[in-house]
Amino acid sequence: MSRLHVFEIHDQPWCPPSLRDALTDFLQFTINLGRAYDGIVPMLRDAIVRSGATRVLDLCSGAGGPWPSWLRETRGTAPGFATPVVLTDKYPNRLAQSGVLPFHPVPVDATAVPSDLEGFRTLFTSFHHFRPAVARDILVDAVRQRQGIGVFEISRRAPLDIALIAFTWLAVLAFVPFIRPFRWSRLAWTYLPPLLPLVGAFDGVVSCLRTYSPAELRELLHGLDSYDWQVGETRTPRSPLVVTYLVGVPKR
């Protein structure tokens, strides 16, 4: 099954910001509920240590991905050691900016991160949004600035994954009332009218079709030989979703 770069609704400039924020809030809630990314913590922790980074810079953060949950459990540090985390996004989630983690107030382009924003770069559930040329630019920018980088996705172009994510609309209807902090706009988009369930299911399936396979990720690394790269798939025991990962650290 070849990668298809079909559009996602919440990526479009005409998508209402409150609907986009409601979707990223829901994604963060379900990621934390299923603990889908917990299995990559040892790998991520080791990469951050090897890179020598004193900060984690999360790119394309949306509502924060797994970081808020991880840091609540470890009292404001990255998993297992004292490394602060800063969230960034080209289109910052205005609701996430009042959360447990600092959110960089200025939009940040993942292909051209300002030089003063040093830190190990992470991208959770976001790399599939970029066409190959732009995805390559994100990796090249990290290499050019000698910053470690980790890319992690929980969607795949596999029939089982697509079928599972296709039922996102049911999860939206069931879980939205329990997402905190409570937002009336999120509730309205879920039930009056029920656009959030429909957009969540549509964008979820499209995310699967757009996700890079390990082989395609390796193709993006051509010529970036000054880094040690790890590419593969893993699964957290309590999650039905497989995590595809790409982790890079400058060679010593």
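The model I am reading is predicted.

**Aromatic rings**

I then counted the aromatic pairs, taking ring centres within 6.5 Å as the cut-off. The count by this rule is ten aromatic pairs. I looked up Phe 124 and Phe 152 among the rings: their centres are 5.0 Å apart and their planes stand at 20 degrees, so I logged the pair as stacked. Planes under 30 degrees apart are what that label requires. I also noted where the two rings come from.

I checked Tyr 227 and Trp 229 next. Their ring centres are 5.3 Å apart and the planes are at 25 degrees, so this pair is stacked as well. Tyr 227 has a relative accessibility of 3%, so I put it down as buried.

The charged end of Arg 3 lies over the ring of Tyr 212, at 4.2 Å from the ring centre.

**Cysteines**

How many disulfides does the structure hold? I found zero. I went through two of the sulfurs to see why, with 2.5 Å as the limit for a bond. For Cys 60 the closest cysteine sulfur is that of Cys 15, and the 16 Å between them is too far for a bond. For Cys 208 the closest cysteine sulfur is in Cys 60, at 18 Å, which is again too far for a bond. Cys 208 is at 0% relative accessibility and therefore counts as buried.

In α7 I noted Arg 186, Trp 189 and Thr 190 as buried. I looked down the helix axis: the buried residues of α7 fall within an arc of 100 degrees, so they line one face of the helix. I then looked up what they pack against, and the answer is α1 (17-34), α6 and α8 (195-210).

Two cis peptide bonds went into the notes. One runs from Arg 180 to Pro 181, with omega near 0 degrees, and Pro 181 is in the loop between α6 and α7. Another joins Leu 192 and Pro 193, with omega about -10 degrees; Pro 193 sits in the loop between α7 and α8.

Is Phe 178 buried or exposed? I found it exposed, since its relative accessible area is 56%. Phe 178 is in the loop between α6 (168-175) and α7 (184-191). I took one C-alpha distance from here: Phe 178 and Asp 225 are 47 residues apart along the chain and separated by 46 Å.

I placed Phe 127 in the loop between β3 and α4 (132-144). Its relative accessibility is 1%, so I counted Phe 127 as buried. Leaving out residues up to four places away in sequence, Phe 127 touches Ala 135, Ile 138, Leu 139, Val 151, Glu 153, Tyr 212, Leu 217 and Leu 220. From Phe 127 to Tyr 191, I noted 64 residues in sequence and 30 Å from C-alpha to C-alpha.

Thr 125, which is not a glycine, has a positive phi of about 55 degrees, and its place is in the loop between β3 and α4. Arg 146 has a positive phi of about 60 degrees, also without being a glycine. I found Arg 146 in the loop between α4 and β4; with a relative accessible area of 41%, it is partly exposed.

**Whole chain**

The chain has nine helices and six strands. Its radius of gyration is 17 Å, close to the 18 Å that the globule rule gives for 252 residues, so the chain is as compact as a globular protein of that length. The C-alpha atoms fill a box of roughly 55 × 40 × 35 Å along the principal axes. Of the 252 residues, 54% are buried. Among contacts between residues at least 6 apart in sequence, I noted that 75% join residues at least 24 apart.

How values were computed: Residues are numbered from 1 along each chain as its sequence is written. This is a predicted model: local features need pLDDT of at least 70, side-chain atom pairs count only at pLDDT 80 or more; totals for chains, interfaces and linings use all residues. Side-chain values use heavy atoms; hydrogens and water are left out. Helices (H or I, at least four residues) and strands (E, at least two) are DSSP runs, numbered from the N terminus. Buried means under 20% relative accessible area, exposed over 50%, partly exposed in between (1.4 Å probe, protein chains only). Rings of Phe, Tyr and Trp (its six-membered ring) pair if their centres lie within 6.5 Å; planes under 30 degrees apart count as stacked, over 60 as edge-to-face and the rest as tilted. A charge sits over a ring if NZ of Lys or CZ of Arg is within 6 Å of the ring centre and within 35 degrees of the ring normal. The arc is that of the directions from the helix axis to the C-beta atoms. Contact means heavy atoms within 4.5 Å. The radius of gyration is taken over C-alpha atoms; the globule rule is 2.2 Å times the number of residues to the power 0.38.
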